[in-house]
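Visitor: I have not looked at this one before. Can you walk me through it?
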Amino acid sequence: MTDQGSPRAGRKPITSRSEVEHAAFELFARQGFERTTVDDIAAAAGIGRRTFFRYFPSKNDVAWGDFDAELRRMRKQLAEYPADVPLIDAIREALVDFNRIDPDEAPWHRRRMELILTTPALQAHSTLRYTAWRQVLAEFVATRLGVSADSLAPQAIAYATLGVALAAYEQWLRSPGTELRELLSAGVRELSAAVG
């Protein structure tokens, strides 16, 4: 029988990308990222293999959710900042907004970030995602500074901002009672004060 994307008998149909993610995160927690296959995820989600690939290009992409859509949203948001908003304020607000999560999704997002930051098999994939994220920010900074996006200043600012985000996430994962948005915002302010 071929996979037409219909749910398997006796299972509630999976209707969203986040439900597939949740099924995958449960498996990753139980049996590890490396030992979990696409077929395992599809079976746990009650979908076929082809349906899985309609949601995600690969198993590695599950950890990143709909990252490309979020990048498009961030690019649009940055482009809409009025020129009189100071650069550092725009960067801080965009960083916090990019990492805003629905409170109901916070436990799943914590799992996502633990996976991304601690799974060796995801590190190469993460590098590609970080590069894409930095490029969006570097393009915005370059426009503000009137230089090319591959110039030193936009690249340095993009790298530094990514560093702030990673440090904030590591702090958030170590200290479950902390508020991620506050850590991100504080990180940008501290970076600005340190270099200002």
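Guide: What follows covers a helix pair, some aromatic rings and one leucine.

Visitor: What kind of model is this?
Guide: This is a predicted model, where local features need pLDDT of at least 70, side-chain atom pairs count only at pLDDT 80 or more, and totals for chains, interfaces and linings use all residues. Residues are numbered from 1 along each chain as its sequence is written, and side-chain values use heavy atoms, with hydrogens and water left out.

Visitor: How do α6 and α8 cross?
Guide: The axes of helix α6 (residues 87-98) and helix α8 (residues 123-145) come within 11 Å and cross at roughly 155°. Helices here are DSSP runs (H or I, at least four residues), numbered from the N terminus. Axes are lines fitted to C-alpha atoms over the stretch in contact, with angles from 0 to 180 degrees between N-to-C directions.

Visitor: So what does that make α6 and α8 to each other?
Guide: They are therefore roughly antiparallel, a label for angles over 145 degrees.

Visitor: Which residues make the contact?
Guide: From α6, the residues are Leu87, Ala90, Ile91, Leu95 and Phe98. On the α8 side they are Trp133, Leu137, Phe140, Val141, Arg144 and Leu145. Contact means heavy atoms within 4.5 Å.

Visitor: How many aromatic pairs are there in the whole structure?
Guide: A search finds 11. Rings of Phe, Tyr and Trp (its six-membered ring) pair if their centres lie within 6.5 Å; planes under 30 degrees apart count as stacked, over 60 as edge-to-face and the rest as tilted.

Visitor: Which type is phenylalanine 25 with phenylalanine 28?
Guide: Their ring centres are 6.3 Å apart and the planes are at 50°, so this pair is tilted. Both residues lie in helix α1 (residues 17-31), 3 residues apart, about one turn of the helix.

Visitor: And tryptophan 64 with phenylalanine 67?
Guide: Here the centres are 5.0 Å apart and the planes at 80°, so the pair is edge-to-face. Trp64 and Phe67 also belong to one aromatic cluster with Phe98, Tyr130 and Trp133.

Visitor: Are tryptophan 64 and phenylalanine 67 buried or exposed?
Guide: Both are buried, meaning under 20% relative accessible area, whereas exposed is over 50% and partly exposed in between (1.4 Å probe, protein chains only).

Visitor: New topic. Where is leucine 27?
Guide: Leucine 27 is found in helix α1. At 5% relative accessibility, leucine 27 counts as buried.

Visitor: What does leucine 27 touch?
Guide: Leaving out residues up to four places away in sequence, leucine 27 touches Gly32, Thr36, Asp40, Ile41 and Ala44.

How values were computed:
Helices (H or I, at least four residues) and strands (E, at least two) are DSSP runs, numbered from the N terminus. Angles under 35 degrees count as roughly parallel, over 145 as roughly antiparallel, 65 to 115 as roughly perpendicular and the rest as oblique.
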